Amino acid sequence: MPASVRIESLGLGLSESTKGRREDQNCADFVLTEPQVRAFFAQSREVTWREIHDSEDLGFAPCLVTGRLVFEDGQQVRFAINPFLVATLSYSDDSTRLLACEGACSQSVLGPP
């Protein structure tokens with residue numbers, strides 16, 4: 001990710017399927033700073049739904065760190081990163097991409113286990 005890309009509206013969120021449920025209370029523990037988000041985007045790789053489904057290390061969770069990437073040309077991309085370090089990127093044309101961060105990437109973002 002180019003250094004010129006701004007990260008805006010960094011905050012916490014919940015997946016639509018879990019809002020209002022008891023799991024909401026556990027989400028305060030998952031927080032990423034702007035440097036961690038930058039590290040995620042610098043080192044993550046694109047994945048498919050199938051890869052996530054078949055992986056023991058990747059998955060979906062109710063807790064999300066959300067925000068918006070703003071590029072120099074004005075393009076804005078919404079993102080949501082979960083505790084498994086799987087991100088959904090949502091573009092203005094309603095397309096989406098999935099990114100994942102595993103192994104050394106995960107340690108770079110979160111620190112040693």
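## Basis of the model

The model is predicted: local features need pLDDT of at least 70, side-chain atom pairs count only at pLDDT 80 or more, and totals for chains, interfaces and linings use all residues. Residues are numbered from 1 along each chain as its sequence is written, and side-chain values use heavy atoms, with hydrogens and water left out.

## Overall fold

The protein chain holds 3 helices and 6 strands. Their order from the N terminus is β-α-β-α-β-β-β-β-α. Helices (H or I, at least four residues) and strands (E, at least two) are DSSP runs, numbered from the N terminus.

Of the 113 residues in the protein chain, 36% are buried. Buried means under 20% relative accessible area, exposed over 50%, and partly exposed in between, with a 1.4 Å probe and protein chains only. Among contacts between residues at least 6 apart in sequence, 60% join residues at least 24 apart; a contact means heavy atoms within 4.5 Å.

Helix α1 covers residues 34–43, and its buried residues are Q36, V37, A39, F40 and F41. An α-helix has 3.6 residues a turn, so residues three or four places apart point the same way.

The buried residues of α1 pack against strands β1 (6–14), β3 (63–70), β4, β5 and β6 (96–100), and against helix α3 (104–110).

## Aromatic cluster

A pair of aromatic rings is described by the distance of the centres and the angle of the planes. Rings of Phe, Tyr and Trp (its six-membered ring) pair if their centres lie within 6.5 Å; planes under 30 degrees apart count as stacked, over 60 as edge-to-face and the rest as tilted. A search of the whole structure finds 2 aromatic pairs. F40 and F41 form an edge-to-face pair, with 5.1 Å centre to centre and 85° between the planes. F41 and F79 also form an edge-to-face pair, at 5.3 Å centre to centre and 80° between the planes. This pair links distant parts of the chain, since F41 is in helix α1 and F79 in strand β4, 38 residues apart.

Ring pairs link F40, F41 and F79 into a cluster. F40 is buried. F41 is buried at a relative accessible area of 10%, and F79 is buried at 3%.

## Largest pocket

The largest pocket has a volume of about 200 Å³. Its lining consists of S15, F60, A61, L64, R78, F79, A80, N82, V86, A87, T88 and S90. The elements giving two or more residues to this lining are β4 (76–81) and β5 (86–90), and β5 supplies the largest share, 4 residues. By class, the lining has 7 nonpolar, 4 polar and 1 charged residues; Ala, Val, Leu, Ile, Met, Phe, Trp, Tyr, Cys and Pro count as nonpolar, Asp, Glu, Lys and Arg as charged, and the others, Gly among them, as polar.

On a 1 Å grid over the protein atoms alone, a pocket is an open set of points where a 1.4 Å probe fits, with protein on both sides within 12 Å along at least five of seven lines; lining residues have an atom within 4 Å of a point. Grid points are joined across faces, edges and corners, and a volume is the space filled by probe spheres set on the points.

N82, one of the lining residues, lies in the loop between β4 and β5. N82 is buried, at 2% relative accessibility. Not counting residues up to four places away in sequence, N82 touches F30, G59, F60, A61, C63 and L64.

Most residues other than glycine have a negative phi. L85, in the loop between β4 and β5, has a positive phi near 60° and is buried, with a relative accessible area of 1%. D94, in the loop between β5 and β6, has a positive phi near 70°. At 72% relative accessibility, D94 is exposed.

## Disulfide

A search of the whole structure finds 1 disulfide, defined as a pair of cysteine sulfur atoms within 2.5 Å. C101 and C105 form this bond, with their sulfur atoms 1.8 Å apart. The torsion about the S-S bond is about -110°, so the disulfide is left-handed. C101 is buried at a relative accessible area of 2%, and C105 is buried at 8%.
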